[in-house]
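Please read it alongside the sequence and the coordinates.

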Amino acid sequence: MDRMRRFMADAAHELRTPVTILRTRADLALDQPRDPDRDAALLEAVAREAGRIGAIVGDLLTLARADAGERPLAQERVFMDDLAADTVNDLRPLADRRGVTVAVGAFEECAVRGDPVPLRQLLRILLDNAIKFTPGGGRVRIDAGVENGTPTVRVVDTGIGIPADQLPHVFERFYRGEQARQERNGEGAGLGLAIAHWIAGAHHATIDISSSTSGTEVVVRFPAEV
């Protein structure tokens, strides 16, 4: 119950700011005479905040269903190398906008047993974080293959890194370190890695993060396919 209360309080806190911004912008628009250019700018800002709220609510719903055991997982043969290549293509426009090079590195057939939808979400979370925390001119690489009989996915970046004292907390819900808050300018709610951790655990995989001032490496190791 204490964990549930804390979760609800954190969720309310994260939603309060974008909701307040929405109300403020709406009130401002209603109090002013109509002007096409100004109205367009206000509507764009409202759309951004609505999108942020939608993303937070979607993440909260994912975690709530996971806690309640209401998210059964399919058991299919999934090729993580194919998912990795697809995810890189999906996120390449984001990387290009930030001036970050993103690519597939080591690449071999990497089959696991699981659900392709959350597994794709797992890779998307890891790559999205790597790209957004890597300054322009930096690099992000994803490797997929089998290491010592273990299907393994690695995401390596040349980003800002995570301080050692913050590493033990990165999978906690709503946790964002000071550097992350500054780099993302308040974006996100600190739920992505919590969801990634749940997805990995639900597939009996381990997920480990190591980091330094020269970048971060995330390694996901899956059970050998049976």
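1. A nonpolar core is taken here as a set of buried Ala, Val, Leu, Ile, Met, Phe, Trp, Tyr and Cys residues joined through side-chain atoms within 4.5 Å, where buried means under 20% relative accessible area, exposed over 50% and partly exposed in between, with a 1.4 Å probe and protein chains only. The largest such core holds 43 residues, and the members that touch the most others are Met80, Leu119, Leu122, Leu126 and Phe222. At least two residues each come from helix H2 (36–67), helix H3 (80–98), helix H4 (116–132), strand E4 (139–147), strand E5 (150–157), helix H6 (192–202), strand E6 (206–212) and strand E7 (215–221), and H4 gives the most, with eight residues.

2. On provenance, this is a predicted model, in which local features need pLDDT of at least 70 and side-chain atom pairs count only at pLDDT 80 or more, while totals for chains, interfaces and linings use all residues. Residues are numbered from 1 along each chain as its sequence is written, and side-chain values use heavy atoms, with hydrogens and water left out.

3. The chain contains six helices and seven strands, these being DSSP runs numbered from the N terminus (H or I of at least four residues for helices, E of at least two for strands). Read from the N terminus, the order of elements is α-α-β-α-β-β-α-β-β-α-α-β-β. Of the 226 residues, 38% count as buried; of the contacts (heavy atoms within 4.5 Å) with a separation of 6 or more, 72% are between residues 24 or more positions apart.

4. Five strands form an open sheet in the order E2-E4-E5-E7-E6, with mixed pairing, a pair requiring at least two DSSP bridges between the strands. Strand E2 (101–107) and E6 are at the edges and have a single partner strand each, so that one side of each lacks a neighbour in the sheet. From one strand to the next the twist averages 15°, with angles running from 0 to 180 degrees between N-to-C directions and axes being lines fitted to C-alpha atoms, for helices over the stretch in contact.

5. E2 and E4 run parallel and are joined by five bridges; Val102 has Val140 of E4 as its bridge partner, and Ala103 stands opposite Arg141 in E4. E4 and E5, by contrast, run antiparallel with eight bridges between them, Asp143 standing opposite Arg154 in E5. The hairpin of E4 and E5 has two residues between the strands, and Asn148 there takes a positive phi near 55°.

6. The axes of H3 and H4 come within 9 Å and cross at roughly 35°, and the crossing is right-handed, that is, the near helix is turned clockwise from the far one by less than a right angle. The contact includes Met80, Leu83 and Leu91 of H3, together with Leu119, Leu123 and Ile131 of H4.

7. Which residues does Leu122 touch, not counting those up to four places away in sequence? They are Ala196, Ile199, Ile207, Val220 and Phe222. Within H6, Leu193, Ala194, Ile195, Ala196, Ile199 and Ala200 are buried, and H2, H4 and E6 are among the elements that cover the buried residues of H6. After H6 comes His204, with a positive phi near 60°.
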